[in-house]
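Colleague: Hi, I'm new to this one. Could you walk me through it?
Modeller: Happy to, here it is.

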Amino acid sequence: MGAQPPRKHSRKQFIKLQTLADLSHHLQVNSELLLELFSELSGLDGGSSLYCTDQIMKESGGVRRLDKPRKKLKDVQRIINDRLLQRITVHQSAKGAVRGRTLMDNVRLHVGKPMVAKFDMKDFFPSISSGRVYEFFVQIGCSPDVARLLARLTTYMGRVPQGTPTSPMLAGLIAGYGKKGSYNARMGHLAKMHGLDFTTWLDDATMSGSPYVRRLKNVVARITKQSGFRMNMTKVEFMPKNKQQFVTGLVVNEKPNVPKEWRRELGAILHNCKVHGPVAMAGGRGRKLEKFKDSLRGKIAHVMRFNTTQGAKLLVEFNSIDWNM
């Protein structure tokens, strides 16, 4: 049993799985392993032996908890995501974590609009309970026993954890599965009624078009609450065209682009690597240096994706660094 590479497949509204044998066949995972994991996750330690927990500082302040599954569970979760979750129909406005939909898909609808509104869901993953996940699996066609097993394999401490292969798509489906009743469907309908565009990138919801969108703040908050989520009122933003408009970290006033401040900060880090040496900047050699190098590479690739000229300049700087300093 090993995680298979992603394959192209059509999405479905229902995947009927009535027995453990059905689930084992569908996932191509040994039924004994599924029961073993279920037993461990149901044990006295609540599955803590299958997870390691980290805490990272948020840019906005505070701490984000990451519950990372250990390899045995992580491999199975990857297969659940590929063979089950990614095959379920999700609302067209949901862009994040959905295979075949990209960050560009999330931002392109909001480029050059008179007003861009950002609505942020508070504690998006942990706000989704195990019970709600169980109900979702029943809704897509699983028997109660299969739904209970899948819910146990994809949740931790009674909620959807942040840090697993299944959590992003599972949370997206909780918000975007179903026809008229889901959060994404209701928000999409609201936007359409007022000639606006709407997309979500996991917990980031964006609506753009006419300045009338300002008047919809309370309606959006009500829909969010009725859908079982909470809107972070302190992070609601309305961005007119005469100011920088951001969608999932990209400026969209004229075309999708990485903010100048972000590019300058990255350029300064590369410059300091040349002056002080990358080892000093990374805080050490070995794994620390490799992780730092990979992070810089990823950031440059992100710039290149939206601004080829600036990305190429940063790549030249990166390649001129002596990584042994």
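Modeller: One term before we start: two strands pair if DSSP finds at least two bridges between them. Helices (H or I, at least four residues) and strands (E, at least two) are DSSP runs, numbered from the N terminus. This is a predicted model, where local features need pLDDT of at least 70 and side-chain atom pairs count only at pLDDT 80 or more, while totals for chains, interfaces and linings use all residues. Residues are numbered from 1 along each chain as its sequence is written, and side-chain values use heavy atoms, with hydrogens and water left out.

Colleague: Thanks! How many bridges join strand 3 to strand 6?
Modeller: Four, and these strands run antiparallel; strand 6 covers residues 237-240. In that pairing, lysine 118 has glutamate 237 of strand 6 as its bridge partner.

Colleague: And over how many bridges does strand 3 pair with strand 5?
Modeller: Six, again in the antiparallel sense, with strand 5 spanning residues 204-209. Alanine 117 stands opposite methionine 207 of strand 5, and phenylalanine 119 has alanine 205 as its bridge partner there.

Colleague: Is strand 3 mostly covered or uncovered?
Modeller: Mostly covered: five of the six residues in strand 3 (115-120) are buried, where buried means under 20% relative accessible area, exposed over 50% and partly exposed in between, with a 1.4 Å probe and protein chains only.

Colleague: In what order do the strands of the sheet come?
Modeller: The order is 4-5-3-6, in an open sheet of four strands with antiparallel pairing. Strand 4 (197-201) and strand 6 each have a single partner strand, so they stand at the edges and one side of each has no neighbour in the sheet. On average, neighbouring strands of this sheet are turned by 20° against each other, direction ignored.

Colleague: Switching to helices, at what angle do the axes of helix 2 and helix 3 cross?
Modeller: Roughly 120°, and the axes of helix 2 (residues 31-41) and helix 3 (residues 71-83) come within 11 Å. Axes are lines fitted to C-alpha atoms, for helices over the stretch in contact, and angles run from 0 to 180 degrees between N-to-C directions.

Colleague: Which residues make the contact?
Modeller: Helix 2 brings Leu33, Leu34, Glu36, Leu37, Glu40 and Leu41, and helix 3 brings Lys72, Leu73 and Val76; contact means heavy atoms within 4.5 Å.
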